[in-house]
Structure formats: structure tokens, C-alpha cells
Amino acid sequence: MSARQPTRIDANGISNLPERLQDIIRRRNMVLGPGYQFSETIPVEFVSSFGAHLIDSDGNDYLDAFNNVQGVGHAHRHVADAVSRQISTVNTDTRYPQEALVAYAERLLATFPAELSKLSLPCTGSEANDLAVRVARFHTGGEGIIVTRWAFHGRTREVASFSPMLGTGSPLGPNVRLIAAPDPRFCGPEQSLENYMRHQVRSAIIDLERHGYRLAALVADSAFTSDGIFTHPVGFMQAMVEEVHAAGGLHIADEVQSGFAQLGDSMWGFSRHGVVPDIVTMGKAIGNGFPISGVVFRPEVSDEFGQKVSYFNTLGGRSLSIAAASAVLDVFEQENVRERVAVNGAALLAGLETLTRDSPYVAEIRGSGLYLGVEIVKDRETLEPDPIRCESIITDLRDRRVLISRTGPAGNVLKVRPPVAFTAADVSRFLETFAIVAKQRL
């Protein structure tokens, strides 16, 4: 297993770029530390933005169908104004009473089931998952972690130990067990996906116990993004959670990718499956790209930890972070975001299905709302992945100023994950551009 590497560009690979970009890249290579990479084969410098659009230094408009960090839209005026007002008044942290902090927590928790009623505010999605697992271990007394085979949950040392997508250069912990992704095609005709996933979890628990590890938690991205995006059939997670609870473990729902209505039919991805997690983690979209993340707990899970362990995060609950996060909730209420995602997501899915219906290279289209995966294969019968064709489609779209990415263990699933700011006009532009590329590649 090895991680797919984003593009690294050195001095030998930039000669065809504009002189300004060449200069930036040369200086960047001189001063930035190890690990920094570009996400595109040919880097683009963006200088302004709005909605789902990024504008480069030459004034070209790129449609962003990839970046859900600025979920309610790049440079959203309401969020920007809220942050600007707050930074000009006061910016204290959670060590001081803040009406805005309490009001925000009340508003956010109102979007969750009543059982989930306590909120902590770290800074990043990685920190949120780190804290969630720390609390799970404290509560259960266990160390064992179960994740899907190509999961990604973050980059801190702890969270990287149960993020197999990072590859062999980032070793998994001995307390980590991997289960198959919830792909209905591979559970066999004799059993349902629900029973298949139940068996996967049960076998992992047995193996953990055999090696002396009591289960702490199942950590699951509610969209199973890195595994290739698996959102259906709705309900299969119930059996997985039952097995976890029977073993004394907790269910941690990682909503960093799937939360904030990205899947369209609910605010949170786990809700689609009719389960109530023990812990929920959030990042990315919670502050529209501002440094704040969230962890929501059942109080019976978190209260003892809070009584015995001090937790503090300098940035997560500061006045400025809360202003950004509160403004995001305002936008959801004012712009009927969930309804917009459901409508535009359905149009996007229908359009992609029509454009790829007769292609021998598309195995299936998966996902929900504005979170779709198009699986590219060499043959529909064998399902042999075709990452080269997948990458060529991404490149052709980028050349036409539409940005998407890829996912899945083989890097052969087109990841279409625009911000929830995506409009009907954006859907039309995306499908028109995709149709041109599909004629050549699919």
C-alpha cells in the first residue's frame, strides 16, 4: 500500500510556466519545509474568488467543484463582514465568558439529536479526531481502533496512526484494525451489505481482543470518502454500530467531509443511517475555512473526562473563530442551503448519469447531494481500476477551468465535491464542460 502523491514541482519542471509563477515556485522551494505539495499538475495562482469560483491573476474564472473548505462560498460577504467586525472589537478565548460562544454552541447543538449535547472546539479536523479518540479511550478503557481500509482522518501523529490512506511511510498503530469499505458489489449475493459490514466489524473486534486490545472506537467518515465514496444503501451503519456497542466501544462519526449538508438530505451524514453516534467530529466547513473545528459528545461519554482532564485550545473557541462559525450558520438559515444542495445535487447526479450511461469506462456513480464519485475502470466486468484515464479527465477539465479531484485506493474515482454554494448555473457549466471531456475520454 502506498499513498498517492500530489504533484511536487522542482526547478526542472517549471520552464513552461509564466515567469511570475516560476519565481514563486523557486522561492517557495527555498523557504518552505518538507512535505509541501501542489494539488494540480500545473499550479495556478488565484487572486480573488466568489461563491464556487476562483479567479487567477489573468482574470480567468475557474469553477471550483473540489474544495468544500469554504463551504458556503469563497469570500462570502456575510462571513467576511462578521470576522472583520469581530477583529476590530475583541478576540478573547474560552477562558473568559463569551455570550457569542454560548449562543453559538446552543445553535450548533440544536442541529444534532438531543443525545449529543456537549461541544468542544479545537482548531482543525485532525485535532478534532485526536480529541475524540482521546476521550473514547478514557471512557472505555480500551485502545483498539477500527477504520476502513483506505480511511483518512487527519495528520497528527495519533490520527495518522489510524489513517491508512497516508501509505506505508506513515505506519499504522498495532492497536488499529482495518475493515473493508461498504461496497455492496463485494459482499456477495448471499448476504446484505448490512450483514457484511457487521461481520467485518465483529471480526476486527475479535482480532483486537486476541491481541490484547479492548475496543475503544469505530471511527468512520460518514461518506467513506477516501475509500471511494460510499453512501448507499442508507441504513447499513446500524449493524456496525450495534457490534461496536456490544463490545463496549464507541462510534465516532467523522463529519469533516460529509457534514454541513454536503450530502444534501440531512445536515449530518450519520443521520441518513438512522444512528446516533457517541462522538461527532467536524472541521473544514464549520468556519468556512477559518481555523475552528468541533467535537460533539454524548455527555455520559465526555463528562468524566472533562472533570479529570483540562482541555483548552487557543484558537478554536476564540471570539474571531466563533464570529466566523456563527456567520456560517446564518448563511444556512438565510439561504436555505440544505434545500439548494438537494436540488442542485440531484441535477448534477442526473446529468452525470446521462453523460456516462453508455461509457464502458464508468463502473458506477456514487454519492449524495454535492458529493459524488465517478468510478473509472478499464472494464466494467472486471472493474479493473483505470487511474490514468481518471487523471486525464481531471487534467482535461482543469484545462477548461473546472476543478475536481480523485479518490479511492487506486486513485480511479473522480471526486466531485463542490462547496454547498454551488448554484444551478454552476451545475450547468460543470455538466457542459464534462460533456466535452466525456466525448474524448469516455
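Begin by selecting Thr148, Ala151, Phe152, His153, Ala220, Asp221, Phe224, Thr225, Ser226 and Asp227, the residues that line the largest cavity; a cavity here is a set of points, on a 1 Å grid over the protein atoms alone, where a 1.4 Å probe fits but cannot get out, and lining residues have an atom within 4 Å of a point. Its volume is about 40 Å³, where a volume is the space filled by probe spheres set on the points, which are joined across faces, edges and corners.

Before going on, note that this is a predicted model, in which local features need pLDDT of at least 70 and side-chain atom pairs count only at pLDDT 80 or more, while totals for chains, interfaces and linings use all residues. Residues are numbered from 1 along each chain as its sequence is written, and side-chain values use heavy atoms, with hydrogens and water left out.

Next select Phe260 and Phe332, another tilted pair, with 6.1 Å from centre to centre and 55 degrees between the planes. Phe260 lies in the loop between strand 8 (250-254) and strand 9, whereas Phe332 belongs to helix 9, 72 residues apart (helices, H or I of at least four residues, and strands, E of at least two, are DSSP runs numbered from the N terminus).

Now move to helix 3 (residues 99-109), where Leu101, Tyr104, Ala105, Leu108 and Leu109 are buried. Seen down the helix axis, these buried residues fall within an arc of 120 degrees, so they line one face of helix 3; the arc is that of the directions from the axis to the C-beta atoms. On the other side of helix 3, Glu99 and Glu106 are exposed. To see what covers the buried residues, show strand 4 (118-120), strand 9 (279-282), strand 10 (294-297) and helix 9 (319-334), which are among the covering elements, contact meaning heavy atoms within 4.5 Å.

Key: Buried < 20%, exposed > 50% of the residue type's maximum accessible area, 1.4 Å probe, protein only. Phe/Tyr/Trp six-rings, centres within 6.5 Å; stacked < 30°, edge-to-face > 60°. 1 Å grid on protein atoms, 1.4 Å probe; cavity = no way out; pocket = protein on both sides within 12 Å on 5 of 7 lines; lining within 4 Å.
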